[in-house]
Amino acid sequence: MTSASNHDLAVRMAELARDVAVPAALEDVLRTTTKAVLDLVPGAQYAGMLLLGTGGKYETLAPTSDLMYELDHIQISTGEGPCVQAAVGDLIVRTDDFEHEQRWPVYTPKVLELGVRSSLSFMLYTTRRNAGALNMFSSEPHAFDAESEAIGSVLAAHAAAAIVAGRHGEQLQTALSSRDLIGQAKGMIMERYNVDAVRAFEMLRQLSQSSNVKLVDVAKQVIETRSGS
């Protein structure tokens, strides 16, 4: 890489780091990342992220082209391909030319029909329930090289950090909402039965256990019953 290219890369990495650190819509951060893929990764013409969940559920996020939806759909329907392999197994999966690719006998011919010749995929993260990959494609054979892998790995790390931060934020918001509901229901019980906070919470917990219903759902029922009375 030239010194100018190194400078551009450093500047964009700093911008992406700030995007991850500052609260923002997850989709906006990921779109910034896939745009950076096209700007910075040698050979990349199309980019996007594929997230895999339980029950075969998947999401195509921040695609730079509608072609990414087609490519992801083919992988999910065939159960094979570079993005799937990167998401659930390998850190980096590269195809220099689909004309000679033999790892995915069902997927490969369908991709060639779409005019795609090269691909490069990076694992974002893998948990027991979810997995994901950052993916890039080109209509040219041998489009990606070691430099593409190096820059793509850094971008994948930023995308993974954004996704983890976004999911953590969603979980935190859910937890705060649940706490508020339980607190509101506890206050109603304290007022209705003239008991202290500890006893009110114990009553909620006992009701949750005896009815085999989540505590937050029991709290909702208490609030709804009071609101309807």
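Predicted model: local features only at pLDDT ≥ 70, side-chain atom pairs only at ≥ 80, totals over all residues.

Reader: How many aromatic pairs does a search of the whole structure find?

Author: Rings of Phe, Tyr and Trp (its six-membered ring) pair if their centres lie within 6.5 Å; planes under 30 degrees apart count as stacked, over 60 as edge-to-face and the rest as tilted. Here the search of the whole structure turns up three aromatic pairs. One of them joins phenylalanine 98 and tryptophan 104, a tilted pair with 6.5 Å centre to centre and 50 degrees between the planes. Phenylalanine 98 also pairs with tyrosine 107: the ring centres are 6.1 Å apart and the planes sit at 65 degrees, so this pair is edge-to-face.

Residues are numbered from 1 along each chain as its sequence is written, and side-chain values use heavy atoms, with hydrogens and water left out.

Reader: Is phenylalanine 98 buried or exposed?

Author: Buried means under 20% relative accessible area, exposed over 50%, partly exposed in between (1.4 Å probe, protein chains only). Phenylalanine 98 has a relative accessible area of 1%, so it's buried. Tryptophan 104, at 3%, is buried too, and so is tyrosine 107, at 0%. Across the chain, buried residues make up 38% of the 229 residues.

Reader: What does the secondary structure of the chain come to?

Author: Helices (H or I, at least four residues) and strands (E, at least two) are DSSP runs, numbered from the N terminus. This chain has eight helices and five strands, and along the sequence they follow the pattern α-α-β-β-α-α-β-α-β-β-α-α-α.

Reader: Which residues of H3 are buried?

Author: They are Leu67, Met68, Leu71, Asp72, Ile74 and Gln75. Look down the axis of H3 and these buried residues fall within an arc of 155 degrees, so they line one face of the helix. (The arc is that of the directions from the helix axis to the C-beta atoms.) Their cover includes strand S1 (46–52), strand S2 (58–61), helix H4 (82–88), helix H5 (107–113) and strand S5 (131–138). Just after H3, glycine 79 has a positive phi of about 75 degrees.

Reader: What span should helix H7 have?

Author: The expected span of a helix is 1.5 Å times one less than its number of residues. For the 15 residues of H7 (residues 197–211) that gives 21 Å, and the end C-alpha atoms are 21 Å apart, which agrees. Ala200, Leu204 and Ser208 are buried in H7. They cover an arc of only 75 degrees around the axis, so they are on the same side of H7. The face turned away from that buried side carries the exposed residues Val198, Gln209 and Ser210.

Reader: Which residues is isoleucine 189 in contact with, leaving aside its neighbours within four places in sequence?

Author: Contact means heavy atoms within 4.5 Å. Isoleucine 189, in helix H6 (residues 146–193), touches Asn194, Val195, Ala200, Met203, Leu204 and Val222, with those neighbours left aside. The C-alpha atoms of isoleucine 189 and leucine 204 are separated by 8.6 Å, and the two residues are 15 apart along the chain. Isoleucine 189 counts as buried because its relative accessibility is 7%.
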